[in-house]
Amino acid sequence: MSGYKETATHESCFRPGSTLCAGCMEAIAFQSVGRVTDNGVKTIFTIGTSCAEVSSLAFPNVVAWGRGEAPPDDFSRSFAILHNVFESAPTLAEAVRDVADVLTDHGALSAPIQVISASGDGGALAIGLRSLLHTIHRRTRVTVIVLVNEIFANTGFQYSPATTPFASTSTTPSGAASSGNPAPPLDYLHLAIAAGAGLVAQLSPAHGKLFQKTMEKALACETTAVVFVPSPCITGWKFEDGETMQIATLGARCGVFPAFVWERGKGGAVKDCPREAHERPPVEGFLGTQRRFNHLVRRDPAGNGYQVRDGSEADVDQFRAWTQSNVERLYALAELR
Ligand SMILES: Cc1ncc(C[n+]2csc(CCOP(=O)(O)OP(=O)(O)O)c2C)c(N)n1
Ligand code: SF4
């Protein structure tokens with residue numbers, strides 16, 4: 001494995017030119033993954049329809065991808081992208097892996113290939129859950145990245161199975177009769193472990209060094225490695241440009257999407273998110289940074305952060321209870337072998 005600084009100066013394959021919102025975590029994740037994959041091995045991405053895909057791969061405006069002047073037959077530098085339908089990125093990655101392995105077995109391919117599937121949480125956890133789980137179940141040697149912005153962003157910010165409780169989305173709007181999303185998210189980390197994954201992580205580039213090391217382990221995994229990337233969405237979560245990394249860090253520390261890395265046979269760990277609630281940042285600080293939770297908290301008029309809105313005390317208590325159960329769930333998952 002290379003050092004953090006060395007990898008951070010690698011050339012990413014995700015270049016300027018996309019129409020993603022400036023500061024979008026999907027772009028930051030691709031930048032980071034692009035640097036880790038500049039490791040001398042040919043990379044093949046399969047990408048399902050998502051903000052990341054429509055903003056960079058819509059024909060004829062295919063922009064933002066490339067690595068120097070490397071031609072396609074330079075296996076150590078170049079990469080390929082297969083765009084596929086919304087829900088099938090893991091299945092297509094599996095097909096690519098199979099073809100590469102057959103070609104290698106027949107002596108037609110001498111250079112190694114690393115295969116990465118990338119999709120949003122709508123693509124991977126709603127319509128594409130079957131594709132994801134069966135690719136994992138078949139122990140396919142691919143890395144799966146799921147960009148979890150908790151909504152179907154590019155089609156209008158609809159709720160997904162990964163949406164945080166009480167978040168206002170276009171299909172779970174807050175209002176007189178509703179406090180936003182009523183349901184806790186699907187336990188997708190546990191599902192990936194139960195389906196047979198070799199490595200499962202919940203981690204964003206806000207955890208720079210850990211994200212890089214985990215991606216390197218994922219690429220080296222002999223079976224399916226799944227990295228769920230919490231991806232604060234500027235437009236859907238409604239926050240100011242430039243706050244993406246801060247919100248990603250805060251959300252992880254206060255228990256909404258704690259950093260978690262697990263390997264089969266070794267178990268796992270929750271990072272930088274204590275089990276005891278009083279040792280974590282208060283949830284109001286996280287809720288207040290995004291207008292999707294505007295119905296729960298407001299700015300303290302005295303200038304001391306955020307305070308719970310009158311009438312929302314019970315909802316925020318429920319939110320606190322949910323973060324506690326979320327953190328305990330991950331500590332329990334870490335014990336699995
Ligand atoms: C079978 C099918 N249904 C619906 C769509 C329309 N569609 C394209 S992308 C998308 C939502 C993508 O959401 P997500 O995977 O979470 O990615 P994000 O846009 O949030 O990055 C939808 C509904 C489609 N392309 N194909
Ligand atoms: S809508 Fe959200 S996920 Fe889509 S490009 Fe903008 S910030 Fe990124």
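I call a residue buried when its relative accessible area is under 20%, exposed when it is over 50% and partly exposed in between, using a 1.4 Å probe and protein chains only.

**Basis.** I am working with a predicted model, in which local features need pLDDT of at least 70 and side-chain atom pairs count only at pLDDT 80 or more, while totals for chains, interfaces and linings use all residues. Residues are numbered from 1 along each chain as its sequence is written, chains are lettered from A and ligands numbered from 1 in the order in which they are written, and side-chain values use heavy atoms, with hydrogens and water left out.

**Cysteines.** I looked up disulfides (cysteine sulfur pairs within 2.5 Å) and found zero. Cys221 is buried at a relative accessible area of 14%, whereas Cys51 is partly exposed at 21%.

**Ligand 1.** I counted a residue as near the ligand if one of its heavy atoms lies within 4 Å of it, and 17 residues surround ligand 1, the closest being Glu26, Gly122, Gly123, Asn149 and Asn154. For polar contacts with the ligand I took pairs of N or O atoms within 3.5 Å. A backbone N or O atom of Gly123 lies 2.7 Å from a ligand oxygen, a polar side-chain atom of Asn149 lies 2.9 Å from a ligand oxygen, and a backbone N or O atom of Ala153 also has a ligand oxygen at 2.9 Å. On its own ligand 1 has 590 Å² of accessible area (Shrake-Rupley, 1.4 Å probe), of which the protein covers 74%. With helices taken as DSSP runs of H or I of at least four residues and strands as runs of E of at least two, I note that helix 5 (121-126) and strand 5 (151-152) each give two or more residues to the shell, and that helix 5 provides the largest share, three residues.

**Salt bridges.** I counted 16 salt bridges, each a side-chain nitrogen of Lys or Arg within 4 Å of a carboxyl oxygen of Asp or Glu. Asp38 and Arg77 pair at 3.2 Å, N to O, and the two lie 39 residues apart, in the loops between helix 2 and strand 1 and between helix 3 and strand 2 respectively. Asp38 is buried at 11%, while Arg77 is partly exposed at 26%.

I then checked Arg320 and Glu284, whose side chains meet at 2.7 Å, N to O. Arg320 is partly exposed at 32%, and Glu284 is buried at 16%. Finally, I noted one network in which salt bridges with shared partners join Glu11, Arg15, Asp38, Arg67 and Arg77.

Methods: A polar contact is a pair of N or O atoms within 3.5 Å; within protein, one must be able to donate a hydrogen and the other to accept it, and residues adjacent in sequence count only if both atoms are side-chain atoms.
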